[in-house]
Amino acid sequence: MALGHMASSSRSNLFKPLSALSYAPSLRRPFSSAAADDSTITVEISDRFAGHRCEPPSRTVETTPKELLGFFKDMAKMRRMEIAADSLYKSKLIRGFCHLYDGQEAVAVGMEAAITRKDCIITAYRDHCTYLGRGGTLLEAFAELMGRQAGCSNGKGGSMHFYKKENGFYGGHGIVGAQIPLGCGLAFAQKYSKDEYVTFALYGDGAANQGQLFEALNMAALWDLPAILVCENNHYGMGTAEWRAAKSPAYYKRGDYVPGLKVDGMDALAVKQACKFAKEYALKNGPLILEMDTYRYHGHSMSDPGSTYRTRDEISGIRQERDPIERIRKLILSHELATEKELKDIEKETRKEVDEAIAKAKESPMPEPSELFTNVYVKGYGVEVNFIPPYSIPILFTF
């Protein structure tokens with residue numbers, strides 16, 4: 001049943017026009033030099049931050065031509081990867097669960113711009129683009145999606161369990177809300193080790209009512225852990241609108257005694273500013289909640305058409321008014337950092353990169369049957385399984 005009677009205030013808050021972006025004019029420079037230019041550009045973001053028990057950061061954000069063009073390239077790559085994953089799923093080359101991130105790319109790139117790879121990120125099952133932002137490759141992503149050995153989890157995790165510990169990315173978790181206590185545990189380790197780094201634990205509005213969130217937040221507040229809980233509010237938990245699931249959908253206020261900040265999650269620069277603020281705050285004071293006001297274009301997962309509980313007009317309206325890639329495109333063109341043709345060439349090159357990665361991923365073999373029994377126990381404990389050909393009879397050796 002379509003939710004045509006959604007509260008008008010909730011629906012109107014989804015739409016915030018691109019035209020509100022403000023900027024200082026600049027002279028046109030060659031594209032190649034702009035891509036390497038670290039000179040400062042000052043931008044005032046279009047939407048105000050809303051704070052709970054904290055003073056919000058400034059709406060004036062500093063960026064560079066290099067960063068803006070990097071945002072565009074990275075988000076274009078993420079978008080194309082997710083569109084390709086849609087096609088691969090429909091072709092049955094990707095099986096099982098698959099949750100796509102298109103529409104929410106600004107959260108991934110904005111967060112990365114504000115932190116380092118020593119800071120940790122842990123998220124739920126909509127993890128492909130976050131993994132790419134952490135330095136993962138298209139080949140590793142597509143191979144994992146298709147269950148191949150070249151995947152980031154050796155083909156054993158699939159869509160929901162991407163992982164890159166060496167770059168501070170701890171998954172990819174399939175149980176709703178389960179990553180939040182783990183994220184607070186990472187923050188505990190950082191504080192225990194006296195590291196000057198933080199952990200971002202991401203979850204959706206559908207997980208915002210989980211009891212484990214509030215238990216973990218309470219402990220993080222008691223111990224002043226450098227934990228930043230990030231609610232990626234795309235306004236629908238599976239097929240349920242936020243206003244039907246939460247008495248108070250102001251998720252940034254739900255920490256009560258823990259400060260919070262509401263952010264335009266469709267604006268990469270706003271996300272960058274908020275995450276920079278959050279990191280500085282958490283290192284000095286303890287946990288903070290960020291609510292990213294964002295939107296997913298696909299359904300909850302590939303089994304959800306995404307149009308039975310919201311209208312097609314709503315989806316197309318968000319694309320026209322708030323799309324994160326179009327915002328950055330508009331900013332780049334406004335500052336004359338590139339032409340329309342140059343940006344289209346970037347997108348064309350991105351499609352080529354994605355196609356090449358898919359072709360290589362298809363060549364990667366499936367994991368050996370014996371891999372079913374690896375990575376279960378700490379090395380030296382549990383059992384080791386050997387298979388005797390040709391019948392693949394498992395022989396167990398207990399340690």
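In β4, T42 has E62 as its bridge partner. This is a predicted model, and that pairing is a handy way into it. β2 covers residues 41–44, β4 covers residues 60–63, and the two run antiparallel, joined by four bridges.

Follow the side chains along β2 and you'll see them alternate.

## The whole chain at a glance

Stepping back, the protein has 13 helices and 13 strands. Of its 399 residues, 52% count as buried. Take the contacts with a separation of 6 or more: 73% of them come from residues 24 or more positions apart.

## The six-stranded sheet

Next up is an open sheet of six strands, with mixed pairing and the order β3-β10-β11-β7-β6-β5. At its edges sit β3 (50–52) and β5 (120–122), each pairing on one side only. On average, neighbouring strands here are turned by 20 degrees against each other, direction ignored. Helix α10, residues 268–285, packs on this sheet and touches β6 (199–204), β7 (227–233), β10 and β11. The direction of α10 makes about 170 degrees with that of β11.

Which residues of β11 are buried? Six of its six, as it turns out. L288, L290 and M292 point one way from the strand, I289, E291 and D293 point the other way, and all are buried. With β10 (residues 260–264), β11 (residues 288–293) pairs in the parallel sense over five bridges. In that pairing, L261 stands opposite L290, and D264 has D293 as its bridge partner. β7 also runs parallel to β11, joined to it by six bridges, and here L229 stands opposite I289.

## Nonpolar cores and a cavity

In soluble globular proteins, nonpolar side chains tend to be buried together. In this model the largest nonpolar core has 74 residues, and the members that touch the most others are M111, F142, F200, V263, L290 and I332. What does V263 touch, once residues up to four places away in sequence are set aside? The list is F49, A270, V271, A274, L290, E291, M292 and D293. Apart from this core lies another, of 18 residues, including I180, L217, A246 and V258.

There is also one cavity of 30 Å³ or more. The largest cavity has a volume of about 40 Å³, and its lining is made up of Y203, A208, L213, F214, Y251, R254 and I289. I289 is one of the buried residues of β11.

Leaving aside neighbours within four places in sequence, M266 is in contact with G103, A106, D293, T294, Y295, Y297, I318, R322, D323, P324 and R327. Q104 is 162 residues from M266 along the chain, yet their C-alpha atoms are separated by 6.6 Å.

N234 is found in the loop between β7 and β8 (236–237). N234 has a relative accessible area of 5%, so this one is buried too. Again leaving aside neighbours within four places, its contacts are Q104, R126, D205, T294, Y295 and R296.

Most residues other than glycine have a negative phi, and most peptide bonds are trans. Here are some spots to check against that. G171 and G172 are joined by a cis peptide bond, with omega at about 25 degrees. G172 lies in the loop between α6 (138–145) and α7 (179–192).

R53 has a positive phi, near 60 degrees. It is found in the loop between β3 and β4, and its relative accessibility is 58%, over the 50% cut-off, so it counts as exposed. D256 likewise has a positive phi near 60 degrees. D256 is found in the loop between α9 (242–245) and β10, and with a relative accessible area of 48% it is partly exposed.

Definitions and conventions
Residues are numbered from 1 along each chain as its sequence is written. This is a predicted model: local features need pLDDT of at least 70, side-chain atom pairs count only at pLDDT 80 or more; totals for chains, interfaces and linings use all residues. Side-chain values use heavy atoms; hydrogens and water are left out. Two strands pair if DSSP finds at least two bridges between them. Axes are lines fitted to C-alpha atoms, for helices over the stretch in contact, and angles run from 0 to 180 degrees between N-to-C directions. Contact means heavy atoms within 4.5 Å. A nonpolar core is a set of buried Ala, Val, Leu, Ile, Met, Phe, Trp, Tyr and Cys residues joined through side-chain atoms within 4.5 Å. Buried means under 20% relative accessible area, exposed over 50%, partly exposed in between (1.4 Å probe, protein chains only). On a 1 Å grid over the protein atoms alone, a cavity is a set of points where a 1.4 Å probe fits but cannot get out, and a pocket is an open set with protein on both sides within 12 Å along at least five of seven lines; lining residues have an atom within 4 Å of a point. Grid points are joined across faces, edges and corners, and a volume is the space filled by probe spheres set on the points.
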